[in-house]
Amino acid sequence: MKLYIKTTVKQPILKVWEGFDESLFVKLAPPFPSVKLLQFDGSKKGDRVGLELNFLLFRQKWVSDIIDHNENEDQIFFIDKGVILPFFLKTWQHKHILKREGDGTEIIDDIRYSTGTLLTDILMFPALYLQFLYRKPVYKKIFSN
């Protein structure tokens, strides 16, 4: 299944890229489930991010490796791939794309995931979509002029 969300902000691409740090990662976490950051190496190939999701009655670990990263004057991206996932996900790959858009930057969350069956992929879509839609106003606030 695929999620694709774009957010345009009014900061130059290099300024936005500089802001893709541990602090931003924490601010992007939705209110539920609560997220505890266990590890944040960065956003370049070979880095790792580890989380603990708290669903009140149970906790789930989520670990992603950054498997690719590339930069040029018009676009910067990195890809995280889930290596330890919550029980409801079988696969996860998230391409974070920053694209130069005039004087601003387009931030794109391009996600591919699988729960193991098409039916559960479809059932999970609204929850995941809302989790990432939550990021739009956060991006706009942090990367405003």
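**Ser-114.** I looked up the contacts of Ser-114 (heavy atoms within 4.5 Å): apart from neighbours within four places in sequence, Ser-114 touches Leu-89, Lys-90, Thr-91 and Asp-121. The model is predicted, so I note that local features need pLDDT of at least 70, side-chain atom pairs count only at pLDDT 80 or more, and totals for chains, interfaces and linings use all residues. Residues are numbered from 1 along each chain as its sequence is written, and side-chain values use heavy atoms, with hydrogens and water left out. I placed Ser-114 in strand β7, residues 104-114 (strands are DSSP runs of E, at least two residues, numbered from the N terminus). I found its side chain 3.1 Å from the backbone nitrogen of Gly-116. I also noted 31 Å between the C-alpha atoms of Ser-114 and Asn-72, which lie 42 residues apart along the chain.

**His-96.** I located His-96 in strand β6, residues 91-101. I recorded His-96 as buried because its relative accessible area is 9% (buried means under 20%, exposed over 50%, with a 1.4 Å probe and protein chains only). I then found a polar contact at 2.7 Å between the side chains of His-96 and Asp-80 (N or O atoms within 3.5 Å, one able to donate a hydrogen and the other to accept it; residues adjacent in sequence count only if both atoms are side-chain atoms). Beyond four places in sequence, I listed Ile-76, Phe-77, Phe-78, Asp-80, Ile-108, Asp-109 and Arg-135 as touching His-96.

**Phe-87.** I found Phe-87 in the loop between β5 (75-84) and β6.

Terms used:
Helix = DSSP H or I, 4+ residues; strand = E, 2+ residues; numbered from the N terminus.
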